[in-house]
Amino acid sequence: MFGKSKTVDTSQDLKNQPVPEGHHLLEVDDLKMYFHTEDGVVRAVDGVSYTLDRGETLGVVGESGSGKSVTHMTMMGLIPMPPGKIEGGSVFYRGHDLLNMPEAQMQHVRGNDIAMIFQDPMTSLNPVYKIGKQVGEGLRLHRGYSKEQALKRAVELLDAVGIPEPEKRVNEYPHQFSGGMRQRVMIAMALACDPDILIADEPTTALDVTIQAQIIELMQEMQEKNGNAIVMITHDLGVVADIADKIMVMYAGRPVEFGTADEIFYESRHPYTWGLIRSIPEQATDEKKPLTPIHGNPPALSNLPKGCVFSPRCPYATDKCRAERPERFETGTGHYAACHYAGDADFIKKNAPDTSRSRKVSVAMLDQEETKGGEA
Amino acid sequence: MLKYILKRVLQFIPVFLGVTIILFAMENIVPGDPIKLMAGEKKLDPQTEINLRASFHLIQTDADGNPIYDENGDTIETPMWERCALYVNGLLHGDLGISYQRKGQAVADILGAKYPYTFKLAVVAIVLEAVVGIGAGLVSAIKRYSFWDVFVTLTTSILVAMPAFWLGMLLQLFFGVYLKDWTGGAFYLPISADFSPSAVFDEGMYYILPAITLASVSTAYAARIMRSQLLEVMNQDYIRTARAKGLSGRQVIWRHALKNAMIPVVTYIGNDFGAMMAGAILTETVFNWPGVGYETYRAINQRDWPIVLGSVTVIVILVMVINLLVDISYAFLDPRIRYGAPKDEA
């Protein structure tokens with residue numbers, strides 16, 4: 001490592017430059033990244049688009065293998081190319097093209113402007129180095145801190161993420177930490193350089209249920225303090241329900257629906273989103289209602305079905321679905337759904353889950369009518 | 001940690017006793033009488049033979065060392081277990097016994113004179129193994145599927161398959177015979193007993209070919225272990241974390257991957273050093289190297305059991321001590337072992 005501290009001009013950091021007029025903090029447009037393997041082309045990321053602003057939280061939801069993680073690894077330049085290859089689209093961060101950035105500059109973006117937390121805290125920390133060294137490493141790299149400065153800051157960071165006795169803990173090794181504590185370390189490590197965007201790749205999946213809420217709360221707390229944006233990747237719609245401003249639902253490498261959290265939960269227009277909503281276990285119901293799963297498995301990305309990728313599992317699929325890839329139906333508020341019938345009000349009213357407003361209205365009316373009928 | 005070391009040292013005892021018993025048993029099985037061999041072609045005078053046997057405790061003696069005879073006037077052979085006990089007793093007093101064939105020289109003195117050569121050769125070979133093995137493994141892992149990777153993979157396959165003594169002979173043939181004009185035929189010559197001070201550089205030259213021969217197979221293995229370990233470590237989650245932090249590819253390898261990948265390689269090379277200290281019988285014989293391996297080979301041919309016993313005893317102890325040191329060093333490389341050991345041992 002570097003011996004002494006050196007002065008690093010942080011004013012040149014992208015995160016300290018203004019977002020250009022007419023741009024968002026992060027703009028992903030029609031991003032496509034395919035893996036070229038011996039078994040053929042795997043369309044891992046197939047036309048992902050979204051925008052994100054400072055202080056916002058985006059939830060990215062989908063089953064395993066739906067391309068949630070790969071999309072963001074692609075944006076960070078963490079996918080080895082080959083076998084990966086960008087097939088189209090763009091990613092702009094504060095107006096800078098991330099996909100065509102020179103590797104040296106990209107390294108400065110990673111960890112400094114955009115940081116990432118990974119799913120499994122048990123294996124994501126290097127087992128042979130002390131926690132303090134690992135947390136402070138980014139600061140030494142991006143800010144030119146000396147060993148002592150970095151360690152001092154690491155103590156403060158561990159304290160901030162709620163690790164007791166941080167002065168002692170910085171000198172311990174990862175295996176001496178519990179899973180929840182390690183994920184706190186990962187968060188401290190990711191937030192060390194005050195990144196603009198924090199990408200959390202299933203940060204709670206490997207954790208105890210009781211710890212999950214703590215970690216989510218911690219990330220929100222840090223967001224309030226630092227004003228960073230969060231991309232929360234999860235397969236659990238329930239996890240993002242409370243914290244996400246926007247939600248992107250992905251399926252087989254494609255975004256099938258995107259909108260505000262409100263729009264996704266109450267005005268969703270895609271049968272896959274409905275399936276996810278129906279699979280959330282309901283609390284506080286007296287009657288034991290069986291969950292409604294989405295039957296079948298996601299398709300192999302190297303052998304996608306013709307037409308709509310969800311059609312083989314969609315209960316409402318028609319011949320049109322099986323033949324033509326659906327265009328995005330946009331509502332005008334930024335909300336879109338990739339379904340042939342997303343614009344069909346009757347279809348949605350009939351099939352949307354109970355949470356849907358369009359549905360609720362009709363159910364409520366029915367209830368009233370029933371009550372009236374009972375009284376009469 | 002101390003408890004662990006103590007436990008390991010105590011484990012030395014049964015291993016050591018087992019090896020000694022096996023050696024004594026083999027001594028009885030292998031044909032050839034060392035006392036008769038002492039006289040070579042000539043026939044020994046019967047009384048001299050009895051006296052010799054008595055002096056080596058091969059037959060029962062009284063307190064003054066005179067042979068005891070049974071009712072038929074024959075000598076009584078000392079049972080194996082008794083000789084074994086005598087040997088262990090001598091060993092506990094620091095006495096390795098007396099050579100049969102080398103005119104009453106103490107085994108300890110003979111081995112003491114041979115060990116520096118074995119040790120120096122082992123050090124040269126192990127440095128060669130560490131530098132070339134780790135280096136080649138690194139190159140082939142970092143430049144995976146490149147020309148160098150293919151080259152290393154091919155070369156190591158050949159070296160692993162090639163018997164060390166044959167490689168030694170080929171090297172001698174090439175440097176000593178084909179390149180005679182350049183080397184003066186000296187590359188393969190054995191070390192002479194007396195080095196003149198002016199021959200310091202030349203002395204170093206004598207180590208090269210035997211060291212290459214001795215290190216060849218294990219260097220190939222070390223390179224392969226290094227390659228596979230580094231490739232495996234590069235797939236670990238913490239490597240992805242390091243890259244996401246903004247480290248360059250080179251920094252990721254040197255700061256995060258190498259230390260993890262090195263742990264098994266260091267263990268392998270360390271244990272290999274133990275094996276080399278055992279004296280490389282084949283290499284030393286091919287190069288007439290005046291080390292323990294060659295001496296053991298010679299002693300086996302001449303049924304000079306005290307030397308065989310003595311050298312094997314020293315080898316067993318050395319190998320066990322080096323293995324223990326390697327295990328301890330493991331704990332310094334891997335904190336999981338350092339801190340986990342006391343709990344796991346309990």
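In chain A of this predicted model, eight strands form an open sheet with mixed pairing in the order 6-7-8-3-9-10-12-11. Strands (E, at least two residues) and helices (H or I, at least four) are DSSP runs numbered from the N terminus, and two strands pair if DSSP finds at least two bridges between them. Strand 6 (114–117) and strand 11 (329–330) of chain A lie at the edges with a single partner strand each, so one side of each has no neighbour in the sheet. Strand 6 of chain A runs parallel to strand 7 (residues 197–201) of chain A and is joined to it by four bridges; Ile114(A) stands opposite Ile197(A).

Helix 10 (residues 271–278) of chain A lies across strand 3, strand 9 and strand 10 (254–260) of chain A, at about 105° to strand 9 of chain A. Angles run from 0 to 180 degrees between N-to-C directions, with axes fitted to C-alpha atoms, for helices over the stretch in contact.

A further open sheet of chain A has four strands in the order 2-1-4-5, with antiparallel pairing. Its edge strands are strand 2 (40–52) and strand 5 (96–97) of chain A.

Between the chains, 18 residues of chain B are in contact with 23 residues of chain A, contact being C-beta atoms, placed from the backbone, within 7 Å. Helix 10 of chain B gives the most to this side of chain B, with six residues.

Residues are numbered from 1 along each chain as its sequence is written, and chains are lettered from A and ligands numbered from 1 in the order written. Local features need pLDDT of at least 70 and side-chain atom pairs count only at pLDDT 80 or more, whereas totals for chains, interfaces and linings use all residues.

Notes: Contact = placed C-beta atoms within 7 Å.
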